[in-house]
Amino acid sequence: MSSKEATEPLLQAEATGPLSGQIYARVVEAILRGDFGAQGKLPTESALAASYGVSRPTIREALSRLRSDGVIDSRRGAGSFVVRMPAAPVASLTPIRSLADVERYYAFRSCVEAGAAAEAAEFRNADDLQALQAAYDALNAAEERAGSAVEADVQFHLAIARCSHNPFFVATIETTVAPIRQFMELAHNAGDSRGPDRVHVTRMEHQAVVDAIVRRAPADAAEAIRTHILNAKQRIFEATRLA
């Protein structure tokens, strides 16, 4: 079997994503079709589980992602409601199916997030810095726990974009959360991804971005996030044995 034959099926499988990601996409499509009525109230977890033929924990994880993306809000005793229409169906995003697509995706992400980080350093205010620090602290705490840190990682990158006060950067990063999450999952699931050395390296990369934004140093912020993203790409290759 050639190297290309060995790598492409793996990437195609990962592009499909975990089951909760597939349910997330189907709920987004249902929201865009207006399936949940004028009030936008979602069915109960049990009803959704029965409708999609999956377990309640899978539904719960998909709903958690929808909340983190600001699409729904859950109220104790009342249920979950749509509070913001998704910008685009997840299914409309360009699929990532090959090693070449990984390279293209990270080239795109590097350009977008470097621009967002530069503007974040230039336009951030005191409230933005507080939110960014909170996202950074939450990510560090998640890295130290046994569970997944992927959601906290996504929220950290979104916090950087929001510091820019540029809705185009925010919208672009929000609508590429699915592939970002896909590749973060690969890296976080790698055998040594939670080793102390790896955690320390990624933490220092994140800290460099935060420091540059705090200092109002746009060029440094862009370079720090670009370095982090390119290193993340290399960690993906290591995690999937593609390097």
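## The chain at a glance

What we have here is a predicted model. The protein chain is built from 11 helices and 2 strands.

Of the 243 residues in the protein chain, 45% are buried. As for how the chain folds back on itself, take the contacts with a separation of 6 or more: 72% of them are between residues 24 or more positions apart.

## α7 against α10

Two packed helices can be described by the angle between their axes and the distance between those axes. Helix α7 covers residues 150–163 and helix α10 covers residues 196–214; their axes sit 12 Å apart, at an angle of about 20°. Angles under 35 degrees count as roughly parallel, and α7 and α10 are therefore roughly parallel to each other. The crossing of α7 past α10 is left-handed.

Which residues make the contact? On the α7 side they are D153, F156, H157 and I160, and on the α10 side H206, V209, V210 and I213. Sorted by class, this contact of α7 with α10 comes out at 5 nonpolar, 2 polar and 1 charged residues.

## α5 against α8

Now for the other pair. Helix α5 takes in residues 99–123, and its axis comes within 10 Å of that of α8, with the two crossing at roughly 140°. That makes α5 and α8 oblique to each other, because only angles over 145 degrees would count as roughly antiparallel. α5, too, passes its partner α8 in a left-handed crossing.

From α5, the residues that meet α8 are F108, V112, E113, G115, A116 and E119. Their partners in α8 are F169, T172 and I173. The contact of α5 with α8 splits into 5 nonpolar, 2 polar and 2 charged residues.

## Aromatic pairs

How many aromatic pairs turn up in the whole structure? The search finds 2. One of them joins Y105 and Y106 in an edge-to-face arrangement, with 5.1 Å from centre to centre and 90° between the planes. Are Y105 and Y106 buried or exposed? Both are buried.

The rings of Y136 and F156 also pair up: their centres are 6.1 Å apart and their planes lie at 50°, so this pair is tilted. Y136 belongs to helix α6 (residues 126–144) and F156 to helix α7, so to speak a bridge between distant parts of the chain, 20 residues apart. Y136 and F156 are both buried.

## Two positive phi angles

H165 is not a glycine, yet it has a positive phi of about 55°. You'll find H165 in the loop between α7 and α8 (167–175). With 46% relative accessibility, H165 counts as partly exposed.

R216 is the other one, again not a glycine and again with a positive phi of about 55°. The loop that holds R216 lies between α10 and α11 (218–239). Its relative accessible area is 43%, so R216 is partly exposed.

Definitions and conventions: Residues numbered from 1 in each chain as written. Predicted model: local features only at pLDDT ≥ 70, side-chain atom pairs only at ≥ 80, totals over all residues. Heavy atoms only, no water. Axes fitted to C-alpha atoms, helices over the stretch in contact; angles between N-to-C directions. Helix = DSSP H or I, 4+ residues; strand = E, 2+ residues; numbered from the N terminus. Parallel < 35°, antiparallel > 145°, perpendicular 65-115°, else oblique. Left-handed = near helix turned anticlockwise from the far one by under 90°. Contact = heavy atoms within 4.5 Å. Nonpolar A, V, L, I, M, F, W, Y, C, P; charged D, E, K, R; others polar. Buried < 20%, exposed > 50% of the residue type's maximum accessible area, 1.4 Å probe, protein only. Phe/Tyr/Trp six-rings, centres within 6.5 Å; stacked < 30°, edge-to-face > 60°.
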